Amino acid sequence: MAQSLYWWAKETHRGTPVVVKMENPNNWSMVELESPSDEDFMYTNDGVPKGGRNKNAKQLTWVLLLKAHKAAGCLTSIASTFFSLTSVIRRRVSSGRTDSTDTTETENPAVKSRFYTCIKVFLWLSLLLLGFEMAAYFKGWHFGAPDLQLQYLYTLTSPLAVKSVFDSLYSSWVLIRMEYLAPPLQFLANVCIVLFLIQSLDRLILCLGCFWIKFKKIKPVCKQELVDLESGDGDGYFPMVLVQIPMCNEKEVYQQSIAAVCNLDWPKGNLLIQILDDSDDPTTQSLIKEEVNKWQQEGANIVYRHRVIREGYKAGNLKSAMNCSYVKDYEFVAIFDADFQPTPDFLKRTVPHFKDNEELGLVQARWSFVNKDENLLTRLQLINLAFHFEVEQQVNGIFLNFFGFNGTAGVWRIKALEDSGGWLERTTVEDMDIAVRAHLRGWKFVFLNDVECQCELPESYEAYRKQQHRWHSGPMQLFRLCMPDIIRSKISIWKKGNMIFLFFLLRKLILPFYSFTLFCIILPMTMFIPEATLPTWVVSYVPATMSFLNILPAPKSFPFIVPYLLFENTMSVTKFNAMISGLFQLGSAYEWVVTKKSGRSSEGDLSSLVEKQPKHQRGSSEPNLEEMREEIKQQEQRASRKKKHNRIYTKELTLAFLLLTASARSLLSAQGIHFYFLLFQGISFLLVGLDLIGEQMLDTEVNTSCNGQAGHRSCVKILVCGDGSVIGPKKTPDRRQCISNYSTFVYGGIVESEEIDTKW
């Protein structure tokens, strides 16, 4: 009876196993393994096979050989990757220069030096303690995670016990840790854990609000229906709109942004475009002015303004433009940064929301990105910005009618700007400044998640780092300046509490504080002071959950969830430093650095513009080919005399060694989760410190161009590197107007230089 219960085993295991070895398609062999006999499938009354478990030794041998082959392949790939990474690091260090020697760095030297010195002190202290702990470990001081062998400690501290000099010294160190160092460190860790949980709860509530909006399909609805301009209907809502494009030395993107706004679908008599050029480069000024003149000849209502004295950066530029006498004839103003490309129907989808809504002061559109898949850095930025727009901006706009203005891709009611005091140059976040003051005056905001305006993300870590420094120092400046106004304002108490505790303190101050302090300082210190502990759920479970929530608005980015978590902790150094600079009004808090653009055009938008209005999209004059050739040769000669330098970031590298040292110490306590977190976080800091993430910055900018010729249906990218070498061609989709950082896309024609004499 028992034997019949195992009839299925006999049926399902029948067959002749074979192994096929194939070195190449023409050289293969097949080895037949020994087939199992009937006895192998016979079972005793106890359910044990009669043939035993090790009947077929040849099968076991083959399985072991296959596993060994797989393991050898993994070790080979790991070794090759390690040697490649080592080679890259060696070349980077030998040819690099640190950020401390960079003359373009915006941080205050004294502040930067103090911050770097503090990190170095922690590093040297950790190295000293690591050596001390390793010596104690081999002396028999074995620690469990996180408890000590207290009986051994009490024995050594007894007056009657015989102990060596090292044991006496180490036992004294342990007592000092327990009595004086662990309590304050544990208290600071507990404070950071509480702040971490509060911020995580806020993030969770925002996500629940976003889910509710999606579930209920809540969205702002304008009272005025869109009207086709070509229908001849005179009842459409087409008020006077002023469009402003502030720019400064952004020759990579000026053409595409000007072309986009000149093709906005709006009555020309009700639209005026201001190009607000703050460039101090005469060549860039002449190029932008020529572009404006060409569009004027095409019939666009566009003007060029240039300030000789650049006071107040972007805020001063916008303030100067609003002082023009003709501005009083306009009711709304749309603002776009130089790399933004609004679609032709942008105004028709945003301005109607102001109809019969006199309390509405701002309509903000969402950003989309043309280079989101360019490299790992842009993919990680996409996760943050997708959460910012999809969750933060949308939830605050729906439930509070307030959010921070993003500085671009928005339409303001001019009356709201004037009522709030206009643009002020007191901070580097003039967009957040005007939004806060407008909210205090009672104006409401609307965020349109379904209206997108394409732009580009910083592709190099250097550009991204400077952008984040400005974005995190400015809010702290503004908080200090606006605090009295918030308290004295007439808005409700709960709105004041939301602005002070959530908008400023929790999301602008507490987030970078605990992120840097908890994961970059306290966690490695607890490895050397094990009496103070961080629970496993703080190190792994909660951060993983928050990263999962952050990545939900960008589901295609799920493969990058681990790099995203590590990179966010890495960026906490820059954000913490910027927050301190802004809070205490240090020198670097008032520096404005224009984010470097790459000029990656929107392929879809440009193609539609070509199909709709090809004469408008031409947008630029036919250049003088001889002059361009001469300019290329001069720039290449200058490039040949330059040496390319890679950037090395000292604070990130120092923290990398601190975390790697702490990970080595965690091995002595057998703290698995802490070890892996510290190891991978240290590697993340190492890669960022050596500038191995994102696009590398080149020394030379070379613009090439040529006359368009019939028959050419692709653009070609010519890149001249800092060492004089030329990279190209790189074909891109058909576009008549392509501009790129450190190069210019060329539409047909001939490109000649010292290295290239080719007709593409």
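In the predicted model, the side chains of Lys348 and Asp265 form a salt bridge, with an N to O distance of 3.6 Å. Lys348 belongs to helix 9 (residues 346–350) and Asp265 to the loop between helix 6 (254–262) and strand 5 (271–277), so the pair ties together parts that are 83 residues apart in sequence. Lys348 counts as buried because its relative accessibility is 10%, under the 20% limit.

The structure holds 20 salt bridges. Another of them joins Lys219 and Asp450 at 3.0 Å, N to O. This pair links distant parts of the chain, 231 residues apart: Lys219 is in the loop between helix 5 and strand 4 (241–247), and Asp450 is in strand 10 (residues 444–455). Asp450 is partly exposed, at 40% relative accessibility. Asp485 and Arg488 also meet in a salt bridge (2.9 Å, N to O). These two residues lie three apart in helix 13 (residues 461–488) and are therefore separated by about one helical turn. Asp485 is partly exposed, with a relative accessible area of 29%, whereas Arg488 is exposed, at 61%.

Helix 15 (residues 536–551) has 16 residues and should span 22 Å at 1.5 Å a residue; its end C-alpha atoms are 22 Å apart, which agrees. Its buried residues include Val538, Pro543 and Ile551. Among the elements covering them are helix 5 (165–216) and helix 21 (672–689).

The mean pLDDT of the protein chain is 77, and 66% of its residues reach 70 or more. Over residues 697–760, however, the pLDDT is below 50. Where pLDDT is low, the predicted coordinates should not be read in detail.

Technical notes. Residues numbered from 1 in each chain as written. Predicted model: local features only at pLDDT ≥ 70, side-chain atom pairs only at ≥ 80, totals over all residues. Heavy atoms only, no water. pLDDT = per-residue confidence, 0-100. Contact = heavy atoms within 4.5 Å. Helix = DSSP H or I, 4+ residues; strand = E, 2+ residues; numbered from the N terminus. Expected span 1.5 Å × (residues − 1). Buried < 20%, exposed > 50% of the residue type's maximum accessible area, 1.4 Å probe, protein only. Salt bridge = Lys/Arg side-chain N within 4 Å of Asp/Glu carboxyl O.
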